[in-house]
Amino acid sequence: MSAVYDEDVASRSNGALVVNGLVVCDDPQPLTILPITAQDPLMAREEEVADQAPIVAQYNDQIRPLLDAIDRLRLLMVMKEGIQLPTIVVVGDQSSGKSSVLESLAGISLPRSQGICTRVPLIMRLQSHQSPTPELHLEYNGKTVPVEESHITTAINLATDEIAGHGKGISNKPLTLVVKKDGVPDLTMVDLPGITRVPVQGQPENIYEQIRDIIMEYITPEESIILNVLSATVDFSTCESIRMSQKVDKTGERTLAVVTKADRAPEELCEKVTADDVNIGLGYVCVRNRIGDESYEEARREEARLFQTHPHLSRIDKSIVGVPVLAQKLVQIQANIIARCLPVIVKNISEKLNANVSALERMPKALTSVADAMAAFMRIIGAAKESLRKLLLRGEFDEYPDDGSKHGTARLVEMLNQFSDELHESEDNDPTKDFLIEEIKVLEDAKGIGLPNFLPRSAFLRILQRKVDRISSMPIEFAEKVWDCIDGMVTSVLMRHSEIYYQLKVSTKRAAHNLIERMREQSMNRVKEIVQMEKLTDYTCNPDYMVEWTKLMTQQESFVRKVNDAVMYGHSRVSLEGFGDIEVEHLRQHRNVLHQAFDLKMRMTAYWKIVLRRLVDSMALHLQYSVHNLVNNNMEEIVNELMGPDGRGIERMLVESPAIAGKREKLKSSIKLLKESKDVVAKIMDRIAGYDD
Ligand SMILES: *[C@@H]1O[C@H](CO)[C@@H](O)[C@H](O)[C@H]1NC(C)=O
Ligand SMILES: *[C@@H]1O[C@H](CO)[C@@H](O)[C@H](O)[C@H]1NC(C)=O
């Protein structure tokens, strides 16, 4: 394809393509636009301007396909995927004349009524077309509704009611108005609700905040051009719309100001726009809107005459006055911003598409056959077993580095130590109180016909049984606690591994709980046995017992003597190593059994230490053994329970969790949208490249 460059209009400098003095494209992401042809349609029509159309603005043919591409992306709603489209956003205070400016640009009448005129963002897509008959339609809620120019107000109001409800409420869901008309500039703008401070009848109390939020949502993206409509009659710095745009665009580099009602405050206007107190980076355009029933043509002629002849207004530079100038500026700014954003948009669409495609690939496949489900199930059980081995047996916590409650081996030791401490502290609170009384009573009960220096074994066992009874609930409570902990760990590990299969997760949870309950019951029986065994037999091969007893017994003679002395001399306390100061008054009448009672007490003291240690050891070995069985053998019971006797249970797994299915659907729809968008931009990029060679 041959290209004819008009060097005055388009030229290349420093690798950038410049059209009409505006940089259309910067390297290093070269984007060239269609070259301007010799037969610029606008040139040919220039003389017919006044008669035919409300506005004829300079329009570069090459921008049109780019704008169409952006409009198509907008229609696809690619913005909801986080792709920002270059947008001209029109803002203004309530009486700034915002609607009139838009009417002048579009050459049509827009709704006006008391209160807010625009209650939803109105996307205005102006397109020049050849036919003398204008074509208008509205797009909203997925519908395209053709409208007559004379009924545009009613149609917009009806559509607004459908989007934002009846009454005076507002909404951020946009309505699109497409205006195809001979001579309108090719422009897409978003008109936002006018800023109002005071709610009128029927408006919500927080109308100002609602409008502000919508405006901020639209003007914040860097890709938005802010068209700020200001009335010449006010001090610009007091305008709400200026305050808002300054918040997001401090330097004003993407803000353009339109000053309306130029004829109403002509005296200082020239100074106001020259001084630029409010930082309008893209400059000012002063306009005079249509008044009364003037036709748009009359209004334009009147405007031109005003800025030519008015003593004050004529001083303003001609390059910044009039609606046609505004239209032309907007078209150029739009071309610039589109050309600047398009490469980024192409890149972002690609990146997001790739991210979403790989996210979809990473998602578990939906299971479609019993064989698939079986394989997935076995994988899950295998992985869960491995996790539990790590947590409960090997003490490897790489899967839950920060969740201490899952560090099984460490928790078990911790609980075991605590159990041991509690057992040892459970000794009768004051061993010196009623010293030897229990022993004496038991000895009396065990009295029989025999020699006095044989210690009856039945007496020893009586005391042992009582002591064991007193602590017998502690091993059981401890085991319950350990099983609670194991239950929690097994459940959460299984849940994590079966997360994505909703049905499986539900039934696994139940099966795991049943298994743990079965094991818990077995374990409890075992613990009760361990306790019972201690009551039945007094035995140890541990030499510590004899060592300790012998040591304690060396005090026997001296203790008995001291008790006798104390009784004789009226003392009441005797000190005994290992027990402390002992009240002995109550032993006065039991002096004949003191030797035996003392012996019995010392045997029990030495033996009880052995019993407590043995309890802790047995519990440790038993629980460790149970955990080992659980992880290595009994997990299979979960498999059996889930599959059911006929193996049908596995089919239930084919149902996915709603969250996963939802995410998959969402990814698929994002991917579809991004693919369509990519096609849209790919076509336009191809076309640009095609003209480039
Ligand atoms: C492109 O993506 C970047 C990084 O996510 C983001 O900051 C930028 O706003 C996006 N631009 C457009 C035009 O979507
Ligand atoms: C698609 O990818 C984008 C960008 O990486 C991401 O923000 C978004 O969440 C993804 N969509 C879904 C449905 O995961």
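This is a predicted model: local features need pLDDT of at least 70, side-chain atom pairs count only at pLDDT 80 or more; totals for chains, interfaces and linings use all residues.
Local features need pLDDT of at least 70, side-chain atom pairs count only at pLDDT 80 or more, and totals for chains, interfaces and linings use all residues; side-chain values use heavy atoms, with hydrogens and water left out. Residues are numbered from 1 along each chain as its sequence is written, while chains are lettered from A and ligands numbered from 1 in the order in which they are written.

Ligand 2 has Lys352, Ala355, Asn356, Lys666 and Leu667 around it. A residue is near a molecule if one of its heavy atoms lies within 4 Å of it. On its own, ligand 2 has 360 Å² of accessible area, and the protein covers 59% of this. Such areas come from the Shrake-Rupley method with a 1.4 Å probe; for residues, only the protein chains shown count as cover. Two elements give two or more residues to this shell: helix H10 (323-362) and helix H21 (658-692). H10 gives the most, with three residues. Helices (H or I, at least four residues) and strands (E, at least two) are DSSP runs, numbered from the N terminus. By type, the shell holds two nonpolar residues, one polar and two charged. Here Ala, Val, Leu, Ile, Met, Phe, Trp, Tyr, Cys and Pro count as nonpolar, Asp, Glu, Lys and Arg as charged, and the others, Gly among them, as polar.

The next topic is aromatic rings. Rings of Phe, Tyr and Trp (its six-membered ring) pair if their centres lie within 6.5 Å; planes under 30 degrees apart count as stacked, over 60 as edge-to-face and the rest as tilted. The count comes to seven aromatic pairs. Phe419 and Phe478 are stacked because their ring centres are 4.4 Å apart and their planes lie at 5°. This pair links distant parts of the chain, 59 residues apart: Phe419 is in helix H12 (residues 408-425) and Phe478 in helix H15 (residues 473-498). Both Phe419 and Phe478 are buried (under 20% relative accessible area; exposed is over 50%, partly exposed in between, with a 1.4 Å probe and protein chains only).

Phe435 and Phe579 are edge-to-face, because their ring centres are 5.4 Å apart and their planes are at 70°. Phe435 is buried at 1% relative accessible area. Phe579 also counts as buried, at 16%. Ring pairs join Phe435, Phe559, Phe579 and Phe598 into a cluster.

Charges also meet rings. The charged end of Lys272 sits over the ring of Phe236, 4.6 Å from its centre. Lys467 lies over the face of Trp608, 5.0 Å from the ring centre. The rule asks for NZ of Lys or CZ of Arg within 6 Å of the ring centre and within 35 degrees of the ring normal.
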